Amino acid sequence: MDRPTRPDLPETGEPAPRGSSIRRGVTAVAAVLAAVVLVLATSGWAVLRHYDGRVRHTPLTFSAGVDRPASAAGGTQNILLVGSDTRAGTNGEFGVAEGQRSDTTILAHLDGNGSTTLISFPRDLWVRIPAYTDPQGTQHAAQRSKLNAAFSYGGPSLLVATIEGLTGIRVDHYVQIDFVGFQGMTDALGGVTVCIRELPAELKERGFDNLHDHYSGFSGQVGENRLNGAQALAFVRQRYGLPESDIDRIRRQQQFLGVVFQRIASTDTLLNPAKLINVVDAATSAITLDDGTSLADLRLLAVRMQSIGSGGVAFATVPAAAGQRAGQSVLVPDPDQLGAFLKSFGGRAVGATTAGALPAGPTTTGVVPVSWSRPAAAAAAGDGAPVSAQPTPAAAPAGVSCTY
């Protein structure tokens with residue numbers, strides 16, 4: 001079935017840099033999980049240093065013309081959490097694609113006042129990508145393109161420069177994870193339970209289907225769905241068939257974060273050494289930090305994220321509206337709305353004009369406090385299961401937040 005469309009929503013395709021691969025990148029939720037579970041599970045300095053030695057590091061280098069914002073004062077930290085869809089080590093399970101891309105990117109804003117906000121940046125956000133030099137030494141002028149093109153063009157350094165240029169917020173630490181780590185951590189936790197809302201009849205009649213997606217491989221049902229690693233990856237990657245595409249996918253990721261952190265913080269995880277070791281081993285096999293970041297630097301993130309189940313963490317999505325740029329359907333930020341949005345995080349809208357002289361490369365959402373109730377216990381999903389979710393006949397219990 002052809003993908004249904006709406007005139008007020010974007011057709012969200014891959015940016016031109018590496019073609020139009022159907023398989024999409026693993027989301028930044030995995031990076032959050034990896035960073036936090038590592039620090040929570042490795043409170044001793046000796047153990048922390050051991051695992052820190054197993055984590056990969058990448059340098060962040062910036063062109064001479066990149067003017068980085070000043071670091072935040074008063075104990076505020078900003079951590080960029082990114083998913084990579086590199087296929088290394090997957091044996092072709094997710095298709096074959098050259099290089100890697102970023103998917104939805106999250107900026108964890110740990111304010112000095114004690115508040116915590118996870119800010120999602122849609123992959124199709126139309127942004128200014130600064131000038132850069134590619135690995136072959138070729139220099140490229142600044143241009144406008146989709147956000148995930150920045151990672152494809154210039155890796156972590158260019159993505160960080162793009163986010164900083166858009167927001168005026170200094171990125172203090174960079175965390176990245178890939179497909180393998182996401183699945184491994186979810187399986188090590190014994191799976192997760194998510195909740196899916198039923199689509200209204202009028203959307204179904206128009207061809208929307210949030211329960212079955214042959215692109216991501218997800219198949220589920222209305223109500224509770226018990227997911228193993230492969231199923232969870234498909235759940236947070238689906239965007240075709242969802243009424244608001246990329247935005248609904250972000251809502252799925254936010255739900256997933258909520259239920260997973262309750263699993264991490266639960267006594268059956270924290271007091272189970274074997275389970276903790278499995279989760280940490282899976283994380284360290286796939287996590288990458290910038291050269292200036294160690295696991296100890298993520299301690300504040302770990303502490304703050306423990307309050308996600310009680311509503312101590314807010315989710316937000318960068319405000320943008322559907323539009324057309326350079327023959328592509330994109331999400332265009334309005335400078336005034338973006339400026340007002342960023343002000344509370346110590347940022348400002350920089351280079352967010354909706355048009356401009358720069359060449360183009362080949363529904364506003366506010367801050368929402370979230371309190372997730374803990375899903376009912378269920379048997380762990382077995383290995384080798386198909387991507388479809390495990391059936392559960394009952395509807396989700398009261399208090400469990402559902403998303404499309």
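Here, buried means under 20% relative accessible area, exposed means over 50%, and partly exposed lies in between (1.4 Å probe, protein chains only). The model is predicted, so local features need pLDDT of at least 70 and side-chain atom pairs count only at pLDDT 80 or more, while totals for chains, interfaces and linings use all residues. Residues are numbered from 1 along each chain as its sequence is written, and side-chain values use heavy atoms, with hydrogens and water left out.

**View A. Two loop residues with positive phi.** Most residues other than glycine have a negative phi. A326, although not a glycine, has a positive phi of about 55°; A326 sits in the loop between β16 (321-325) and β17 (328-332) and is exposed, at 51% relative accessibility. S245 is not a glycine either, and its phi is positive at about 45°. S245 belongs to the loop between α6 (229-237) and α7 (246-265), and S245 is buried, with a relative accessible area of 2%. Helices (H or I, at least four residues) and strands (E, at least two) are DSSP runs, numbered from the N terminus.

**View B. The largest nonpolar core.** A nonpolar core is a set of buried Ala, Val, Leu, Ile, Met, Phe, Trp, Tyr and Cys residues joined through side-chain atoms within 4.5 Å. The largest one has 46 residues, of which I79, L118 and F256 touch the most other members. Helix α7 gives the most to this core, with six residues. Look around I79 and, leaving aside neighbours within four places in sequence, you will find contacts (heavy atoms within 4.5 Å) with residues including I106, L110, H173 and L301.

**View C. The largest pocket.** A pocket is an open set of points on a 1 Å grid over the protein atoms alone, where a 1.4 Å probe fits, with protein on both sides within 12 Å along at least five of seven lines; lining residues have an atom within 4 Å of a point. Twenty residues line the largest pocket, and D67, R128, P130, A161 and G165 lie nearest its centre. Helix α3 gives the most to this lining, with five residues.

**View D. The disulfide.** The structure holds one disulfide, a pair of cysteine sulfur atoms within 2.5 Å. This bond joins C195 to C402, with S to S at 1.7 Å, and the link is right-handed, with 50° about the S-S bond. C195 is buried, with a relative accessible area of 0%, whereas C402 is partly exposed, at 26%.
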